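Please keep the sequence and the structure open as you read.

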Amino acid sequence: VLTGLPNRLSIKNIISETIDILKGTKNTLTSIFIDIERFKDVNDSLGHLAGDDLLVMATKRIQSLLPDNATFGRLGGDEFIILLHNASSEDIINICGQIIKENQQPYLIFKTHNVYVGAAIGISTFPHDAIDTTELLRNADSAMHKSKNEGQNSYSFYTKELTQDAQNILLMESNIRKALLN
């Protein structure tokens with residue numbers, strides 16, 4: 001309601017329907033997962049109304065950068081998603097660069113506070129990186145977390161190593177817990 005964008009459930013349905021249509025073709029669907037960095041700091045310092053104001057402004061900024069055929073949604077909190085059909089790597093990089101550049105500009109909250117945030121972006125593409133909706137979203141999220149770990153205002157493309165690394169960490173954590181119990 002706040003941003004007027006499709007929510008997580010709507011986005012999942014859109015992705016699922018699109019993947020069903022694209023299966024067996026050479027067409028692609030790219031998922032660009034965006035996390036607004038320092039959003040929690042805005043909420044904690046200026047309050048949730050300020051956070052809401054920031055989300056509305058971020059939505060408008062990002063939306064203004066997108067091609068007409070893009071689908072833009074809010075997954076929840078400070079996480080957004082862009083879906084692009086048959087986008088070239090250059091188009092994807094260009095959009096991500098514009099989003100990062102635009103988010104480096106201050107947001108004027110309550111007409112009194114200049115707030116600086118960033119964007120961490122993860123990119124995953126069907127059918128190259130994923131075969132279904134869950135995998136496409138998970139892989140874009142993994143790539144976004146890689147961007148967060150690399151520092152503010154960056155984007156990362158999904159690689160299979162990201163999934164393997166996550167699985168290795170879970171296995172190691174499980175093994176350590178078992179060892180501590182024994």
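Q: Which pattern does the protein follow along the sequence?
A: This is a predicted model, where local features need pLDDT of at least 70, side-chain atom pairs count only at pLDDT 80 or more, and totals for chains, interfaces and linings use all residues. Residues are numbered from 1 along each chain as its sequence is written, and side-chain values use heavy atoms, with hydrogens and water left out. Helices (H or I, at least four residues) and strands (E, at least two) are DSSP runs numbered from the N terminus. There are six helices and seven strands, in the pattern α-β-α-α-β-β-α-β-β-β-α-β-α.

Q: What is the radius of gyration of the protein?
A: The globule rule (2.2 Å times the number of residues to the power 0.38, with the radius taken over C-alpha atoms) sets the reference. For 182 residues the rule gives 16 Å, and the protein comes close to that, so it is as compact as a globular protein of that length. Its radius of gyration is 18 Å.

Q: In what order do the strands of the open sheet stand?
A: Two strands pair if DSSP finds at least two bridges between them. β2 (71–76) and β7 (154–157) each have a single partner strand, so they stand at the edges. The pairing is mixed across five strands, and the order is β2-β3-β1-β6-β7.

Q: Which residue of β7 is the bridge partner of Gly-122?
A: Strand β6 (residues 118–126) runs parallel to β7, and four bridges join them. Ala-120 has Ser-154 as its partner in β7. For Gly-122 the partner is Ser-156.

Q: What is the relative accessibility of Leu-180?
A: Leu-180 lies in helix α6 (residues 160–181). Leu-180 counts as exposed because its relative accessibility is 72%.

Key
Buried means under 20% relative accessible area, exposed over 50%, partly exposed in between (1.4 Å probe, protein chains only).
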